[in-house]
Amino acid sequence: MKNIKQLSIFAENKPGKLEHITKVFEENKINIMAFNIASQGDFGIMRFIADKPEKALEAFKKAGFTISMNEVFAIEMEDKPGGFHNVAQFIAKSGLNIENAYVLIEKDRQGALLICDIKDTEKAKKTL
Amino acid sequence: MFWQMEQETLKRAKLEALQLKRLKQTLKRVYDNVPFYQKAFTKCKVKPVSLKSVKDIEKFPFTTREDLQANYPDGLLACGREDIVRLHTSSGTTGKPKAVFFTKADLDNSANLIARCLVATGCTKHDVLQNMMSYGLFTGGLVMHYGAEKLGMLIIPSAVGNTDRQIMLMQDFGTTTLHLTPSYALYLASHFEAKGINPAKDLKLKRAFMGAEPYTEETRLKLESSMGIEVFNSYGLTEMNGPGVAFECTEKNGMHIWEDNFIVEIVDPATGKQLPDGEYGELVLTTINREGMPIIRYRTRDITAIDPVRCACGRTHVRIKRIHGRADDMFIIRGVNIYPQQIEQVLMGVNGVGKNYQIVLESSEDMTIRVEFSKGYFDGNLDNLKTLRGTLVEKLKAAILVRPKVELAEPGTLPVSEGKSKRVIDNRKVY
């Protein structure tokens with residue numbers, strides 16, 4: 001388990017927003033490793049794990065985006081049946097609750113990382 | 001038919017002489033009893049005796065809504081508190097509303113003015129009035145009520161809302177006359193349709209008086225045809241008693257203002273200079289028959305024009321045209337007066353709100369406030385944005401008395417024109 005930085009970009013739920021956002025990544029030569037898009041009515045939040053998070057934060061701020069960066073948990077899962085279940089089981093046993101989760105497949109495809117927010121960060125850090 | 005025929009048809013020369021006499025008395029009354037007016041007159045280098053003709057009123061200072069608010073609660077009283085029997089306040093302001101006081105004589109006089117209006121539209125004591133206006137601090141309810149009572153009509157004080165019950169009352173008690181806002185009238189009309197009631201055939205309705213909000217001639221005609229009744233335009237403001245300041249007669253071509261009670265001026269809103277009859281400008285009113293709280297040259301901020309042509313009804317008191325707009329940015333939603341500044345004050349006091357906002361007026365009933373949240377407020381989740389929106393709705397409702405829709409916008413996305421943000425988008429089509 002490790003902590004990694006996640007970028008959350010706020011956007012109105014309109015066509016073209018994703019194009020605009022991915023352009024900033026491209027122009028700044030930043031690679032997207034994982035992402036998640038969640039919409040809630042008129043708005044949405046796009047979450048990204050990038051290879052150069054601080055650079056991305058600056059670039060998006062400069063481009064006028066509403067962006068925030070926070071630390072999330074990256075929990076190793078085996079890339080085979082049961083891999084996710086094992087992790088989920090462990091988290092449940094520890095009494096922790098996952099908010100917002102998505103996956104990052106590592107380059108060598110030996111494993112996958114469960115990227116998630118856990119509300120009770122202190123407890124999570126201790127348990128995991 | 002006239003309620004007070006002699007006064008309503010007084011020849012112009014006599015009417016103007018009466019105005020001069022009452023205006024002189026009023027100026028003296030406020031000068032002697034109201035420190036605010038004494039100071040204001042002195043600043044303009046005038047005394048009551050400076051008035052030699054009604055036109056000389058131009059030499060005297062204006063009174064604004066800010067003056068009323070600054071002199072709250074009773075700084076403009078021209079008599080002792082023990083002589084005052086009624087208080088009304090103007091809707092929609094936070095903290096310091098405009099308070100208007102009435103003596104028994106003032107109330108009786110106001111009731112007579114209303115009775116004049118009612119008779120001018122054809123009402124008699126055999127008519128039944130359903131007063132569908134708010135009863136309370138708002139003048140629309142009580143002031144109309146006492147006027148109708150003076151005439152001898154049967155009044156059903158049904159106030160606002162509960163439309164099914166309103167219709168039941170009309171059916172059971174034979175209501176002939178309605179007093180309500182144009183937006184409630186539109187709602188009522190569609191309610192009749194939904195229930196399959198044809199007011200012209202199934203009810204005894206003959207007429208409706210509509211006021212307290214601006215509306216167009218088109219809306220009047222639409223309501224007349226939809227309900228099969230006559231609709232009369234009514235103008236008033238709390239500072240000038242409430243309803244009954246100006247009203248249409250059966251000619252329905254402009255509203256008569258009772259000139260033996262009010263001096264009517266139309267001024268250029270930017271310069272304050274008097275404009276000739278027929279030109280549109282800001283309506284300025286002076287009470288000349290009130291003893292509790294006379295008001296001199298009140299800037300109503302309503303835009304209209306005087307129609308000097310003698311009306312076929314025989315009344316010699318001048319008419320004003322349908323209100324054409326505002327000289328300030330006040331608007332009315334669900335019957336409540338709202339100023340954009342009130343909204344701004346609330347918004348800027350809430351943590352998380354950004355620089356830019358927009359007020360979108362959809363109709364007389366609906367308003368949406370778009371607010372940018374501040375960049376730093378976004379923490380990666382939508383939760384605190386939801387909370388922010390909820391907080392804004394509640395705080396706005398508390399301040400302006402109407403619950404608006406609030407939409408949050410991303411910082412920097414609300415349109416800005418010529419460096420200055422366009423704050424109010426008016427889609428109402430009420431002028």
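# Two chains, strand by strand

Guide: Start in chain A, where the bridge partner of Ile9(A) in strand 4 is Ile67(A). Keep in mind that this is a predicted model.

Visitor: Fine. How many bridges pair strand 1 with strand 4 in chain A, and in which sense, parallel or antiparallel?

Guide: Nine bridges, antiparallel.

Visitor: Which residue is the bridge partner of Ser8(A) in strand 3 of chain A?

Guide: Arg47(A). Strand 1 and strand 3 of chain A are joined by six bridges, and they run antiparallel.

Visitor: What holds paired strands together in general?

Guide: Backbone hydrogen bonds, with the strands either parallel or antiparallel.

Visitor: Let's zoom out. What domains does the assignment give for chain A?

Guide: Domain 1 covers 2-70 and domain 2 covers 72-127. Their C-alpha centres are separated by 22 Å. Ten residues of domain 1 of chain A contact eight residues of domain 2 of chain A.

Visitor: Which elements give two or more residues to the domain 1 side?

Guide: Strand 1 (2-12), strand 2 (32-40) and strand 3 (43-50) of chain A. Strand 1 of chain A gives the largest share, four residues. By type, that side of domain 1 of chain A has four nonpolar, four polar and two charged residues.

Visitor: Switching to Met77(A). Where is it found?

Guide: In strand 4 of chain A, residues 66-78.

Visitor: Why does Met77(A) count as partly exposed?

Guide: Because it has 18 C-beta neighbours inside 10 Å. A residue needs 20 or more to be buried, and 12 or fewer to be exposed.

Visitor: And what is Met77(A) in contact with, leaving aside neighbours within four places in sequence?

Guide: Gly83(A), Phe84(A), Val87(A), Gly111(A), Ala112(A) and Leu114(A). His20(A) is 57 residues from Met77(A) along the chain, and their C-alpha atoms are separated by 32 Å.

Visitor: Now the contact between the chains. How many residues does each one give?

Guide: Chain A gives ten residues and chain B gives eight. The chain B side divides into three nonpolar, two polar and three charged.

Visitor: What about domains in chain B?

Guide: Domain 1 is 5-328 and domain 2 is 333-426. Their C-alpha centres lie 33 Å apart. Ten residues of domain 1 of chain B are in contact with ten residues of domain 2 of chain B. The domain 1 side there has two nonpolar, seven polar and one charged.

Visitor: Helix 2 of chain B next. Why does its end-to-end distance agree with its residue count?

Guide: Helix 2 runs over residues 12-33, which is 22 residues. At 1.5 Å a residue it should span 32 Å, and its end C-alpha atoms are 31 Å apart, so the two agree.

Visitor: Which residues of helix 2 of chain B are buried?

Guide: Gln19(B), Arg22(B), Leu23(B), Thr26(B), Leu27(B), Val30(B) and Tyr31(B).

Visitor: What do the buried residues of helix 2 of chain B pack against?

Guide: Helix 3 (35-43), strand 10 (262-267) and strand 11 (281-287) of chain B. On the other side of helix 2 of chain B, Ala13(B), Lys21(B) and Asp32(B) are exposed.

Visitor: Sheets in chain B, then. What is the strand order in the open sheet of nine strands?

Guide: 4-3-5-6-7-8-9-14-13, with mixed pairing. Strand 4 (154-156) and strand 13 (306-307) of chain B stand at the edges. Each has a single partner strand, so one side of each is left without a neighbour in the sheet.

Visitor: And strand 9 with strand 14 of chain B, parallel or antiparallel?

Guide: Antiparallel, with two bridges. His256(B) has Arg319(B) in strand 14 of chain B as its bridge partner.

Visitor: Last one. Which strands does strand 18 of chain B join by bridges?

Guide: Strand 19 (residues 367-373) of chain B is joined to strand 18 by six bridges, antiparallel. A hairpin of five residues links strand 18 to strand 19 of chain B. Gln358(B) stands opposite Arg370(B) there. Strand 23 (residues 424-426) of chain B is joined to strand 18 by three bridges, and these two run parallel. In that pair, Leu361(B) stands opposite Asp426(B).

Conventions. Residues numbered from 1 in each chain as written. Chains lettered and ligands numbered in written order. Predicted model: local features only at pLDDT ≥ 70, side-chain atom pairs only at ≥ 80, totals over all residues. Contact = placed C-beta atoms within 7 Å. Nonpolar A, V, L, I, M, F, W, Y, C, P; charged D, E, K, R; others polar. Domains from an automatic or database assignment. Expected span 1.5 Å × (residues − 1). Pairing = 2+ DSSP bridges.
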